Amino acid sequence: MFFKIDSKDSAARAGTLTLAHSVVQTPVFMPVGTQACVKSIDALDIESILGAQIILANTYHTYLRPGIETLKHFGGVHKFSGFSGSFLSDSGGFQAFSLGQNVKKQDNGIVFSSHIDGSKHLFTPESVLDIQYALNSDIMMVLDDLIALPADSNRLKQSIDTTIKWAKQSISYHNQNKQQGLSLTNNLFGIVQGGVDLTFRKQCAQSLVELEFDGYALGGLAVGEETNAMYDTIAFSAPLLPESKPRYLMGVGTPQNLIEAIDRGIDMFDCVMPTRNARNGTLFTSFGKLNIKNQIHKNDENPIDLQCSCYTCKHFSRGYLHHLCKAREITYFRLATLHNLWYYLELMRNAREAILHQKWNQFKSEFYIKLNKEHT
């Protein structure tokens with residue numbers, strides 16, 4: 001892996017991340033492909049229509065289905081899914097947070113009860129890397145202890161202590177593999193926890209930086225805290241991470257969240273918001289969100305967004321999408337997903353151009369001015 005900063009404008013960064021399967025230009029949004037598939041679209045859509053360079057796969061879900069042996073048989077998730085770009089895989093830490101009663105955290109890892117058949121599975125710092133090696137992920141995430149906010153000091157301390165301990169086990173195991181000539185193109189990112197407590201954030205970040213990961217993520221945000229507290233935490237934490245390595249904000253968020261995080265020095269993002277919202281009838285535009293279910297769109301011949309050049313906006317009207325959505329036609333899910341992901345990806349591409357040309361503040365200002373206007 002190779003990462004270089006192409007340009008900076010205040011704290012905002014434009015970089016180039018070179019991985020085994022693609023060259024990724026940052027800032028970048030990574031579409032979420034939970035089960036080695038971005039819901040309702042395929043690899044050709046992702047590459048040819050959206051131009052995405054990297055997407056996310058989920059370690060927990062791909063471990064249960066199709067399983068490690070099938071992934072190994074296909075030589076990894078790239079051949080299996082038909083996506084030739086890069087994959088980032090998470091570690092299962094978020095599932096430990098989201099599955100609630102189906103999870104038990106232990107000193108040595110996390111015990112899951114499968115949501116499919118109830119079977120028990122232990123994820124350890126080492127075993128989640130074995131799963132990600134089977135995926136042949138370009139970027140792998142360490143197992144961490146993610147908690148909901150607000151949380152008291154004792155739980156926050158326990159979270160960062162566990163996260164640091166598991167991070168040490170992960171980097172040690174990964175380095176052992178590399179010393180044997182294995183996993184040379186699988187890059188490992190550490191995850192900084194600590195809630196919105198800046199002391200805990202600093203302690204966790206400093207401990208992980210000493211371990212010399214390939215990149216670093218901020219985890220444990222957008223999990224119940226106030227938006228301004230999240231922004232303050234990002235602004236405090238990002239400078240604690242190495243300038244020369246990519247910075248990834250996990251699971252965030254709205255277009256406004258992405259703009260504010262870029263403004264504070266973040267390079268990489270993922271979130272289910274554009275795909276999930278698309279399926280539920282909410283479409284992102286340069287002027288804000290549009291609910292395609294509303295009856296006002298029934299006979300509207302305009303595209304979703306007159307300023308959008310995505311496949312959907314170039315070929316289909318709001319009226320047609322309104323009809324498909326109301327009829328629950330499968331075609332709607334594809335067209336809406338393509339539009340929302342294009343919006344997110346194009347937002348990142350335009351943000352990058354602004355940073356490269358030292359026009360970041362102007363770009364950010366115009367972004368908010370447009371949001372305050374009504375749909376046309």
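Residues are numbered from 1 along each chain as its sequence is written, and side-chain values use heavy atoms, without hydrogens or water. Because the model is predicted, local features need pLDDT of at least 70 and side-chain atom pairs count only at pLDDT 80 or more, while totals for chains, interfaces and linings use all residues.

Let's start with the open sheet, whose nine strands pair in parallel in the order S4-S15-S14-S13-S12-S11-S7-S6-S5. Strands here are DSSP runs (E, at least two residues), helices are runs of H or I with at least four, and both are numbered from the N terminus; two strands pair if DSSP finds at least two bridges between them. At the edges sit S4 (28-30) and S5 (32-33), each pairing on one side only. S5 is joined to S6 (residues 54-57) by two bridges in the parallel sense, and Val32 has Leu56 as its bridge partner in S6.

Now zoom out to the domains, whose bounds come from an automatic or database assignment: domain 1 covers 1-269 and domain 2 covers 276-370. Where they touch (heavy atoms within 4.5 Å), domain 1 gives 35 residues and domain 2 gives 28 residues.

Between domain 1 and domain 2 there are four salt bridges, each a side-chain nitrogen of Lys or Arg within 4 Å of a carboxyl oxygen of Asp or Glu. The side chains of Asp45 and Arg334 also form a salt bridge, at 2.9 Å from N to O. On the side of domain 1 that touches domain 2, helix H10 (255-263) supplies the largest share, seven residues.
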